[in-house]
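Here are my notes for you, as numbered points. Please keep the structure open beside them as you read.

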Amino acid sequence: MGDRDALAVGFDVLEKCPAPVCPQFCPLYSADRQRSCLRLLQFLLDKSAEPLFSADQPRSPGENGVCKPGWFPRPNLAGRRLDFFDSGLCACYRNLFSVSGKLPPLCWEGKMSVFSYEWKKLMVMQRGLLYILAALLVSTVWLAATDRPQNSAMEEYREEYEWYLERLDGAYTEEKAAWLEQEAQAITEARNTRTRLQESYYSNQITAEQYERQIAEINTVLAHEHGFEAAYQQYLYICENTGNRCFLNTNGWAGLFSSQTLDFPLFLAVLILATTVFCSEYSCQMDALLRTAPQSRKSAGCKVVMTLCAVFALCGGVALIRFAFFGIKYGLPNGEYPVQSIASFGGSTKNISLLAAFLILTVLRCFGSVYLAALLLFLSVLVKKYALTVVSGVASTLIPYIGLSRQICYRLPLPLPFLLATGFLEGASSVEDSLTGEPIVIFSERSPQELLALLGLSAVCCALMIWWVLRQNTNCWQSERKPVKGCRAAALSLLLLISLSGCSYGTSTNGIYNSSSQSASETYSVIFDDQTRTYSLENRATGALTDLALSPLFGAFSDGESIKAVYMDAPYIYYMTSRTEQYVDRVGSYNSTVTQVSIVQLNTETFEEQVVFEKITDSGRSLLGIDYTVGDTWMFLQYCYGFFLNDDSLFFITNDGITEVGRTIQLTKMLDIPTRGNIAFDGRTIFYINENSLLTAYDTKTHKARPFRNMVASDFCLTDQGLYFINRRDSDCVYLCGRDGIGSLKISNEPALSVEYDGKKITMILKSDMEKVFFEL
């Protein structure tokens with residue numbers, strides 16, 4: 001049959017076809033558009049002297065009337081060319097007639113298969129391959145930039161720890177326990193002996209030769225003391241359950257299993273890939289043309305299969321990158337050891353190995369990614385809008401992730417629990433009630449039966465959504481049944497029912513900081529009142545006092561607020577406030593108590609305030625009757641009694657040490673700096689007295705500590721001139737040395753107990769009569 005005959009057949013079909021039937025085949029067929037097509041077909045029948053195209057001839061105008069394959073003719077009507085919409089209608093009708101075999105379709109002509117065409121469109125034209133590579137690159141860069149060892153001592157003193165691991169590697173035995181206990185006793189005695197020797201040497205009771213000879217013997221015993229601390233902590237953990245825990249270097253495996261948060265680069269890549277598959281067609285109404293083709297179902301099937309395979313490969317690639325990264329950086333030894341050897345799975349009752357646990361988590365996360373992609377495909381076909389699809393997909397994942405506890409999240413038949421996955425292998429966890437002392441379970445272990453049930457239900461939901469997507473992209477001739485009215489509302493109701501079913505269950509150069517004294521500058525000083533426990537700002541020229549302001553919400557929902565510490569770096573004053581608030585529900589009963597720590601920057605020239613750091617420190621909270629938890633990363637802020645900062649980091653002083661927090665991405669790092677004495681800071685270098693009583697400088701840029709040779713001190717303070725310190729090697733007299741530790745000058749011949757600096761003068765308390773002696777600078 002020629003094209004002219006086909007147009008005549010189309011004319012007859014359109015005249016006899018009632019208008020309401022046409023939208024079942026293509027949404028483009030309204031009554032007005034049907035009349036336009038009738039006029040177009042009539043014109044082509046009347047004006048075409050020859051067939052416009054035929055089934056066995058090419059369809060593109062070329063030289064000398066020869067046509068090129070792959071083109072659709074665009075005849076001229078009354079001096080104007082057909083626009084894209086009219087050409088699309090002609091192609092749409094051509095495909096309609098091809099279903100009955102009267103004409104071959106205009107689509108998918110040539111050598112390119114449907115799968116190849118859809119692959120090129122999804123991966124090249126819609127930049128799917130670029131998004132996949134970008135997600136892999138971002139995940140790799142983010143992992144390299146943010147990774148920190150779970151046990152910093154194992155990594156910092158790796159050689160010393162591996163010396164012990166060579167003797168302890170493997171399962172717990174009585175011989176290993178006895179050897180560790182002997183080693184602990186020997187190290188404890190050696191440390192005590194070293195302290196006594198230092199006291200005797202600094203008091204001139206023994207000579208330098210005697211000290212060097214005896215300290216060399218002690219240092220032999222203490223050669224691996226830092227590695228022993230890490231090994232002994234692991235030994236104490238293993239002793240809690242010796243049956244399923246082993247000695248091994250845990251940093252690699254712990255880092256590999258530590259991802260308990262949503263992988264946002266992966267989530268965004270899946271969101272973009274799955275949303276554009278069908279929404280790109282709906283945005284230009286191309287879906288109508290594709291649905292009229294005889295291979296519409298095959299085309300939709302190729303899109304779905306390629307999207308799910310691409311998402312599966314992307315998630316698998318991210319898992320392989322993580323495995324390679326931690327294997328190269330820390331090593332992943334002894335994959336056959338029980339998973340309970342890692343502290344995060346210590347309470348688990350599942351009898352699986354470390355390598356098996358990694359494979360299980362990888363499979364679950366790949367399934368979660370595929371499930372998320374299927375959900376997005378379903379939503380895109382359901383709502384047919386980019387924005388609604390993206391908002392619905394984000395809401396279905398982030399709302400449970402942010403607003404619900406882990407206990408509830410791991411019961412939802414949604415992609416979220418499978419994207420997180422680690423909770424399926426963890427054991428039960430609990431916290432102790434502060435009033436009764438009874439344990440409160442905050443997360444219960446998921447049994448294999450519960451996991452399989454949730455996995456099966458989610459797989460059924462995923463299959464149903466894929467089936468519905470394919471059905472919606474199949475024309476009526478292929479499905480041989482009419483579409484059911486109200487299917488969108490029914491599908492949306494089913495999705496809502498599924499969602500609810502799981503719920504039934506730069507560097508400062510001006511500031512000088514000393515933790516043992518009040519902060520001061522040339523213009524202002526901070527005064528602390530011991531009786532009222534408040535801080536005031538004193539103008540050093542006029543003596544006027546100004547109280548540092550608390551939160552403007554003080555007294556509204558606040559049970560208590562106080563200023564815990566102050567740091568001055570002219571012209572700014574930074575003070576840290578701690579506020580405890582209770583949130584109320586609609587009936588007026590308190591159901592959540594939160595402690596919030598903030599650092600406020602006060603400009604002493606304009607008295608403008610700005611919050612530069614703010615964190616909630618509590619780990620357990622309740623909101624609107626829903627209990628949920630956050631990590632205890634910031635719990636140390638409750639015990640902080642001092643802080644200082646520069647352009648790069650904030651440093652918080654607690655009894656356990658100094659915690660460094662980055663000001664950009666706010667990563668935390670525990671510094672190996674004792675805090676039993678004064679801590680000084682000049683904008684870059686931290687000064688302190690180490691465990692050997694030596695003045696030490698820690699460079700915050702290079703992260704290197706450098707003890708000052710022969711600077712043995714019991715107390716010190718930092719000034720503009722340098723470091724004033726009490727020299728234990730010279731009867732506790734006060735000396736002055738430079739910030740680089742080079743050179744020293746004797747300031748006083750009287751033994752002193754302490755030395756302090758208040759911004760103007762040095763205050764020394766004499767050991768003989770506790771008299772205060774002042775040195776003006």
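1. Let's begin with α8 and α9, which are roughly antiparallel to each other (an angle over 145 degrees; under 35 is roughly parallel, 65 to 115 roughly perpendicular and the rest oblique). The axes of α8 (residues 158–168) and α9 (residues 174–202) cross at roughly 150° and come within 10 Å. Axes here are lines fitted to C-alpha atoms over the stretch in contact, with angles from 0 to 180 degrees between N-to-C directions. Helices are DSSP runs of H or I with at least four residues, strands are E runs of at least two, and both are numbered from the N terminus.

2. Before going further, please note that this is a predicted model, in which local features need pLDDT of at least 70 and side-chain atom pairs count only at pLDDT 80 or more, while totals for chains, interfaces and linings use all residues. Residues are numbered from 1 along each chain as its sequence is written, and side-chain values use heavy atoms, with hydrogens and water left out.

3. Which residues in α8 meet α9? They are W163, Y164, R167 and L168, and their partners in α9 are K176, W179, L180, E183 and I187 (contact means heavy atoms within 4.5 Å).

4. From α8, the contact uses E160, Y161, Y164 and L168; α11 brings E225, H226, G227, F228, A230, A231 and Q234. These divide into six nonpolar, three polar and two charged residues.

5. Leaving aside residues up to four places away in sequence, F257 touches F345, L354, A357, F358, L361 and T422.

6. A421 is buried at 0% relative accessible area, whereas S731 is partly exposed at 48% (buried is under 20%, exposed over 50%, partly exposed in between, with a 1.4 Å probe and protein chains only). A421 sits in the loop between α19 (415–420) and β5 (429–432); S731 lies in the loop between β25 (723–727) and β26 (733–737).

Terms used
Ala, Val, Leu, Ile, Met, Phe, Trp, Tyr, Cys and Pro count as nonpolar, Asp, Glu, Lys and Arg as charged, and the others, Gly among them, as polar.
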